[in-house]
Number of protein chains: 2
Amino acid sequence: MLRDAGLRVTDTRVAAIAALHVLPHSGVDTILDAVGDALPATSRQSIHNVLTDLVAAGLARRIEPAGQPGLYELRVGDNHHHIVCQRCGAVADVDCVTGHAPCLTPSQTSGFDLAEAEVTFWGTCADCSAAMAARVDAGSPR
Amino acid sequence: MLRDAGLRVTDTRVAAIAALHVLPHSGVDTILDAVGDALPATSRQSIHNVLTDLVAAGLARRIEPAGQPGLYELRVGDNHHHIVCQRCGAVADVDCVTGHAPCLTPSQTSGFDLAEAEVTFWGTCADCSAAMAARVDAGSPR
DNA sequence: CGCTACCTTTTGACAGAGTCAAAACAAGCC
DNA sequence: GGCTTGTTTTGACTCTGTCAAAAGGTAGCG
């Protein structure tokens, strides 16, 4: 898979891909922790390098919800979208209705040459909804 | 306008709003420069405070396209979207087709309580398209 | 008009995330 | 096995934004 993309097969890259497979929508630090279990000498910079290379090779995708560090995922090429929890930052995938980019066309483009539409849904995840409901039940709302 | 929102009317705030009116989709530094023309003693932190207050009061909105610092605009309440140039970062408004949030509904919510859909279009602005075309014409593509 | 209370602005230190560059190292080819 | 070139490490640095406390100004009241 790495070889097909013209990248050398190294421990760091294999470990990073494995980590991303188990933990999609992870940031650099999360991947670093996961990779560190097997390769404790790995530096944060290496993770940055690996992830940047994967994105450049089209093997990974980087998303950057407002107010959060960059997150990476291996699911590429299907132009899907994301729903992000406004409270805890949890991210889940949302399938694209049309399946190909751009899945949406703006009413006017202001002279822009359109490439892609990125949709981010914002809401509250199940855990946070439950936590908020519990607080209201306990008598200390807001 | 500030008074209506329960905020005190100060030079800094008036100048910041005026700057935002002339330069929509501006970041903190751009506003600071503009405000600095009339009020040279203004600090970057003050601009942060003012803009944060405006957003909290519902007078401004903050957007944060991936890879760019936060940008602010006065156009609020109509749930419109943005198209961003992938090359130079220029931002233009795009009217929302439905006019109210969420303008889109995901096919599945993964247990999330949906609040809003944010759409960002990515493309190339007219200036950058022209610049790229000119470079191709000159014989040095990419 | 002047005083007081509270909201704003300033100042300065700090944290998070990411970039840049050069040296040390290892994968893949001959 | 040795060489070439791509990777990883190390460490300094930039950019953006946050936190906290002191100084300053606005607005309401007498």
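Partly exposed, as the word is used here, describes a residue whose relative accessible area lies between the limit for buried (under 20%) and the limit for exposed (over 50%), with a 1.4 Å probe and protein chains only. By that scale A:Arg44 is partly exposed, with a relative accessible area of 44%, and A:Asp29 is also partly exposed, at 43%.

This is a predicted model, in which local features need pLDDT of at least 70 and side-chain atom pairs count only at pLDDT 80 or more, while totals for chains, interfaces and linings use all residues. Residues are numbered from 1 along each chain as its sequence is written, chains are lettered from A and ligands numbered from 1 in the order in which they are written, and side-chain values use heavy atoms, with hydrogens and water left out.

Over all chains the structure holds 14 salt bridges, each being a side-chain nitrogen of Lys or Arg within 4 Å of a carboxyl oxygen of Asp or Glu. One of them joins A:Arg44 to A:Asp29 at 2.9 Å, N to O; because A:Arg44 lies in helix 3 (residues 44-56) and A:Asp29 in helix 2 (residues 28-38) of chain A, the pair ties together parts that are 15 residues apart in sequence. Helices here are DSSP runs of H or I with at least four residues, numbered from the N terminus.

Chain A also has a network of salt bridges that links A:Arg75, A:Asp78, A:Asp93 and A:Asp95.

| Salt bridge | N to O distance | Relative accessibility |
|---|---|---|
| B:Arg62 and B:Glu64 | 3.2 Å | B:Arg62 40%; B:Glu64 24% |
| B:Arg75 and B:Asp78 | 2.6 Å | B:Arg75 30%; B:Asp78 24% |

Note on methods. Helix = DSSP H or I, 4+ residues; strand = E, 2+ residues; numbered from the N terminus.
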